[in-house]
Protein chains: 2
Amino acid sequence: MDVVREFRNGALRLLVLRHATDAEVHGALLSEWLAARGHRVSPGTLYPLLHRLQDAGLLKSRIEVVDGRRVRRYRTTKRGKRALAECRAVLAELAADVA
Amino acid sequence: MDVVREFRNGALRLLVLRHATDAEVHGALLSEWLAARGHRVSPGTLYPLLHRLQDAGLLKSRIEVVDGRRVRRYRTTKRGKRALAECRAVLAELAADVA
DNA sequence: TTCGCTGATATCGCTTCGCGATAGCAAGGC
DNA sequence: GCCTTGCTATCGCGAAGCGATATCAGCGAA
């Protein structure tokens, strides 16, 4: 029961959607980006999350070949942006409530 | 995969710790308080959560009798307050990152 | 006093999620 | 061919979510 970790985990969805709105991200870079913000996340958490977000229609992806290596690039969909907006609202309320 | 719900869920811990810092809360009232803030949570989620938070030493509880009914009142421990402070810091970073 | 009623708490059962470890996979260098 | 390297995917087990259901203690009414 690591409360901070679990809170971070919920926030992960938000950060992924946020980041994939501006750029076409791929898993490994995303992992570094998150780690730089203090969110260390294992591949066993990140990839299933990406798949679930895609299944839910919040992300879309395509395979791209970069330097011969195949990477799966994700981008936030319109639906994903709506979810993000909703999360931002919840975040604002939350900040007010725990202040 | 309801992203908003899952984000709320992580936030739940924070709100519980926050609320139990100011007052000695009990499950049912807490449930109403959360619902009023848009966090509808079933007893099957809330009670196990309270137990886990107590097991982790973030909450302490005692049975009290009110109008003949026994209620379990929770209060945030010192350790719980530290966890809360840490979560607040994460929350602030998060707000900055998704802005 | 026995029978529900009510509000509070607890638990069950199934599903989903987290996540470390491990495997797969394609291109380049040897 | 066969390592190595860098991404991506999966496995397996433990933990958590949560609707439904059970338990529990006083209360009032018949």
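Q: What is the hand of the crossing of H1(A) and H1(B)?
A: The crossing is left-handed. That term applies if the near helix is turned anticlockwise from the far one by less than a right angle; clockwise would be right-handed. Helices (H or I, at least four residues) and strands (E, at least two) are DSSP runs, numbered from the N terminus.

Q: And at what angle do the axes of H1(A) and H1(B) cross?
A: At roughly 145°, and the axes come within 9 Å. Axes here are lines fitted to C-alpha atoms, for helices over the stretch in contact, and angles run from 0 to 180 degrees between N-to-C directions.

Q: Which residues of H1(A) meet H1(B)?
A: Val3(A), Glu6(A), Phe7(A), Gly10(A), Ala11(A), Arg13(A), Leu14(A) and Leu17(A). They meet Val3(B), Glu6(B), Phe7(B), Gly10(B), Ala11(B), Arg13(B), Leu14(B) and Leu17(B). Contact means heavy atoms within 4.5 Å.

Q: Before we go on, where do these values come from?
A: This is a predicted model: local features need pLDDT of at least 70, side-chain atom pairs count only at pLDDT 80 or more, and totals for chains, interfaces and linings use all residues. Side-chain values use heavy atoms, without hydrogens and water; residues are numbered from 1 along each chain as its sequence is written, with chains lettered from A in the order in which they are written.

Q: What rotation superposes chain A on chain B?
A: One of 179°, with 0.0 Å of shift along its axis and an RMSD of 0.1 Å. That is the relation of a two-fold axis.

Q: Which residue of chain A comes closest to the rotation axis?
A: Gly10(A), with its C-alpha at 2.6 Å.

Q: Why do the copies meet through the same surface?
A: Because 100% of the interface residues of chain A are also interface residues in chain B.

Q: New topic. Which residues touch the most other members of the largest nonpolar core?
A: Phe7(A), Phe7(B) and Leu94(B), in a core of 60 residues. Helices H1, H2, H3 and H4 of chain A and of chain B each give two or more residues to this core. A nonpolar core is a set of buried Ala, Val, Leu, Ile, Met, Phe, Trp, Tyr and Cys residues joined through side-chain atoms within 4.5 Å. Buried means under 20% relative accessible area, exposed over 50%, partly exposed in between (1.4 Å probe, protein chains only).

Q: What is Phe7(B) in contact with?
A: Its contacts include Phe7(A), Cys87(A), Val90(A) and Leu94(B), leaving aside neighbours within four places in sequence.

Q: How many helices and strands does chain A have?
A: Four helices and three strands. Along the sequence the pattern is α-β-α-α-β-β-α. Of its 99 residues, 43% count as buried.

Q: Is Arg73(A) buried or exposed?
A: Arg73(A) is buried, at 18% relative accessibility. Its place is in strand S3 (residues 69-76). Among the residues Arg73(A) touches is His26(A). His26(A) is in strand S1 and is buried too, at 14%.

Notes
Least-squares fit on C-alpha atoms with pLDDT ≥ 70 in both.
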